[in-house]
Amino acid sequence: MTTRHATHTDDTDAAPPDPERRLAVVTGASRGLGRALAGALGRAGWDLVLDARTEGDLLATVDEVRRSGSTGTVRAVVGDVTDADHRRWLAETAAEIGPVALLVNNASTLGPSPLPRLVDLAPGELAELLEVNTVAPLAMFQALAPHLAPDATVVNVTSDASVGAWEGWGGYGLSKAALDHLSAVLAVEHPDLAVHAIDPGDLRTAMHQAAYPGEDISDRPLPEAVVDDLVALVEARPPSGRHRLADWAATHEPSPGEAPTDGREVAA
Ligand SMILES: NC(=O)c1ccc[n+]([C@@H]2O[C@H](COP(=O)([O-])OP(=O)(O)OC[C@H]3O[C@@H](n4cnc5c(N)ncnc54)[C@H](OP(=O)(O)O)[C@@H]3O)[C@@H](O)[C@H]2O)c1
């Protein structure tokens, strides 16, 4: 495996350090949900440390965050979440900025496409699914644990495939089921933290397209449609748990002045 350890800093015109600012680490920020979430957190005033393996796409995310009006620190650390050196590098980068108030374990793999039945899922393919989707999020938590704020939030991005049994979804689904359980145990072991497994729902991304090769997925929402709800959930700090983002958003009334992004009414 090729590992790159480049760090790119884009905070030259950032505001001076402010103890009120909050730092988020988001993995898998080069495209899809991670990229959209980085933009939403930047707009909401968070400092960011972002990772992914594809340098050009990750730097495009950094540019996008800056263009969206973020005045804070945005750093990109290129690498693979399964690589211990990369995780250490990410943790050191975060520690230079401040305590980590939010860790989002978003980076994930679907595994082979088209999705194979379990009988056809090679043991090596299952091992890779578990390595990326389950082992790496725990290892990332472990690497960042010394740098977490005492009341930090951890979001492990899960999927409805962790609770549903559908043909072809077994390998990915069991890696996310294990992630759900890992999240629940972490919540018990760290009662001062908020530890969430969050299912963002079906989204129009490269991963979703790989799950439905050749199919038209244009009816699925873009990740940009849900990320403000994800930021709102994090900032509302509900008790640790597994949340379907759409269910949470349906019961969350945006405060007056808070612009809904999906056509929902603003509470009077
Ligand atoms: N899309 C959906 O319908 C859907 C539904 C439910 C849950 N989810 C979950 O939502 C999250 C985001 O999914 P998405 O649809 O946005 O996927 P995506 O478009 O495939 O993006 C995945 C991101 O993770 C990064 N990544 C993958 N493997 C990595 C590794 N080993 N190390 C570092 N970064 C890695 C990718 O960047 P590089 O390739 O550059 O590394 C990319 O930025 C995932 O946890 C997924 O399971 C998605």
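**Figure 1. The exposed face of helix H2 in the predicted model.** Gly56, Asp63 and Arg67 are exposed. These residues sit on the face of H2 turned away from its buried side. The buried residues of the helix are Leu58, Thr61, Val62 and Val65. They cover an arc of only 100° around the axis, which puts them on the same side of H2. An α-helix has 3.6 residues a turn, so residues three or four places apart point the same way.

**Figure 2. The length and end of H2.** H2 covers residues 55-67, a run of 13 residues. At 1.5 Å a residue, the helix should span 18 Å. Its end C-alpha atoms lie 18 Å apart, so the model agrees with that expectation. Just after H2 comes Gly69. Gly69 takes a positive phi of about 110°.

**Figure 3. Helix H1, largely enclosed.** H1 runs over residues 32-43 and has 12 residues. From first C-alpha to last, the helix reaches 17 Å, close to the 16 Å expected at 1.5 Å a residue. Of its 12 residues, 11 are buried, so H1 is largely enclosed by the rest of the structure. Which residues of H1 are buried? They are Gly32, Leu33, Gly34, Arg35, Ala36, Leu37, Ala38, Gly39, Ala40, Leu41 and Gly42. Gly45 follows H1 and has a positive phi, near 95°.

**Figure 4. The shell around the ligand.** There are 31 residues around the ligand. Which of them come nearest? Gly28, Gly32, Arg53, Thr54 and Ser108 do. H1, strand S3 (46-52) and helix H6 (206-211) are the elements that give two or more residues to the shell. Gly32, one of the nearest residues, is also among the buried residues of H1. By class, the shell holds 11 nonpolar, 13 polar and 7 charged residues.

**Figure 5. The whole protein and its confidence.** The mean pLDDT is 91. Of the residues, 87% reach 70 or more. Over residues 256-268 the pLDDT is below 50. Beyond near neighbours in sequence, this stretch has 12 contacts in the model. The secondary structure comes to 8 helices and 8 strands. The protein has 268 residues, and buried residues make up 42% of them. Among contacts between residues at least 6 apart in sequence, 72% join residues at least 24 apart.

Definitions and conventions:
Residues are numbered from 1 along each chain as its sequence is written. This is a predicted model: local features need pLDDT of at least 70, side-chain atom pairs count only at pLDDT 80 or more; totals for chains, interfaces and linings use all residues. Helices (H or I, at least four residues) and strands (E, at least two) are DSSP runs, numbered from the N terminus. The expected span of a helix is 1.5 Å times one less than its number of residues. A residue is buried if 20 or more other C-beta atoms lie within 10 Å of its own, exposed if 12 or fewer, and partly exposed in between; C-beta atoms are placed from the backbone. A residue is near a molecule or strand if its C-beta atom, placed from the backbone, lies within 6 Å of it. Ala, Val, Leu, Ile, Met, Phe, Trp, Tyr, Cys and Pro count as nonpolar, Asp, Glu, Lys and Arg as charged, and the others, Gly among them, as polar. The arc is that of the directions from the helix axis to the C-beta atoms. pLDDT is the predictor's confidence in each residue, from 0 to 100. Two residues are in contact if their C-beta atoms, placed from the backbone, lie within 7 Å.
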